[in-house]
Amino acid sequence: MSEDGVELETTGETVGEAKWLALRELEKLHPGLDKSAVRFQVVTEGERGLLGVGYSPARVVARLDSAAAPVSAEPPPEDETESAAQLRALVVRVCEGLGIRCRIEVRDVDEDLTATCSGGDLGLLIGKHGQTIDAVQYLANAIVYRDRPDERKPVVVDASGYRARRRASLDALAVRGAERASSGSSVELEPMSAVERKIVHRRLEDFPGIVTRSEGTEPNRRVVIDPSGE
């Protein structure tokens, strides 16, 4: 197995048998495998010696790109929490509904509960300005701890490092806006989700010479940075 997907070599009496064995092994790694996504390279076609003497098997290499792997969750640990299992099931269902092929890993720690999707092009899951993945995360936060409010902690849904990249982009955008606003003019930032507006407000809460507020209606609600006049 490589970072780009799965690759394995199998042998059989014929090329067809070697391919069949390769598919069986890949199905163990990826239940629900789309067989049409597997690519084969025939290394040797195999030979039968005279009167059956000197037989050499057929050898094939089967490859499945990570982008073509079906939705699959990492095998859950035996002590997986109920919350982690609920989040896993929700994200799998969403990805299957969108027709997205990816791998899903769920991590439950003291600070938060996180589902991370990895694979090929996950743009459909992320959505424009993160609208889709934010909606999935909002839904997860509403559902996972609905019956156990005393256990509630932040639920994060991420895809291919999107959260870290977007946070860095929002931090830079917020600071640029605050620097402009501190010179005496209000600055309106682009429309953002509630999750992103919260990141901006927190980033600028200690920035000198400015105050922040949100205005507008969803989905065009945005952060406005005003000079504080101090």
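Six helices and 10 strands make up this chain, and the model you are looking at is a predicted one. Of its 230 residues, 37% count as buried. Among contacts between residues at least 6 apart in sequence, 59% join residues at least 24 apart.

**The largest pocket**

- The volume of the largest pocket is about 950 Å³.
- Its lining is made of 29 residues, and those nearest the centre are Asp-134, Gln-137, Ala-194, Val-195 and Glu-196.
- The biggest share comes from α6, which gives seven residues.
- Sorted by class, the lining has 12 nonpolar, five polar and 12 charged residues.

**Helix α4**

- With 14 residues, α4 reaches 20 Å from its first C-alpha to its last, close to the 20 Å expected at 1.5 Å a residue.
- Its buried residues are Ile-133, Asp-134, Val-136, Gln-137, Ala-140 and Val-144.
- Looking down the axis of α4, you would find these buried residues within an arc of 160 degrees, so they line one face of the helix.
- Two of them, Asp-134 and Gln-137, are buried and are also listed among the residues nearest the centre of the largest pocket.
- The partners that the buried residues of α4 pack against are α2 (82-98), β6 (113-119), α3 (123-126), β7, α5 and α6.

**Helix α6**

- Here the buried residues are Glu-196, Arg-197, Ile-199, Val-200 and Leu-204.
- Down the axis of α6, the buried residues fall within an arc of 155 degrees, so they too line one face of their helix.
- They pack against α4, α5, β8 (187-191), β9 (210-215) and β10 (222-227).
- Glu-196 is buried in α6 and is one of the residues nearest the centre of the largest pocket.

**Glu-218 in its loop**

- You will find Glu-218 in the loop between β9 and β10.
- Glu-218 counts as partly exposed because its relative accessibility is 48%, a value that falls between the 20% and 50% cut-offs.
- Leaving aside residues up to four places away in sequence, Glu-218 touches Met-192 and Arg-197.
- Of these, Arg-197 is a buried residue of α6.
- Met-192 is 26 residues from Glu-218 in sequence, and the two are 8.8 Å apart in space, C-alpha to C-alpha.

Methods:
Residues numbered from 1 in each chain as written. Predicted model: local features only at pLDDT ≥ 70, side-chain atom pairs only at ≥ 80, totals over all residues. Heavy atoms only, no water. 1 Å grid on protein atoms, 1.4 Å probe; cavity = no way out; pocket = protein on both sides within 12 Å on 5 of 7 lines; lining within 4 Å. Points joined across faces, edges and corners; volume = space filled by probe spheres on them. Helix = DSSP H or I, 4+ residues; strand = E, 2+ residues; numbered from the N terminus. Nonpolar A, V, L, I, M, F, W, Y, C, P; charged D, E, K, R; others polar. Expected span 1.5 Å × (residues − 1). Buried < 20%, exposed > 50% of the residue type's maximum accessible area, 1.4 Å probe, protein only. Arc of directions from axis to C-beta. Contact = heavy atoms within 4.5 Å.
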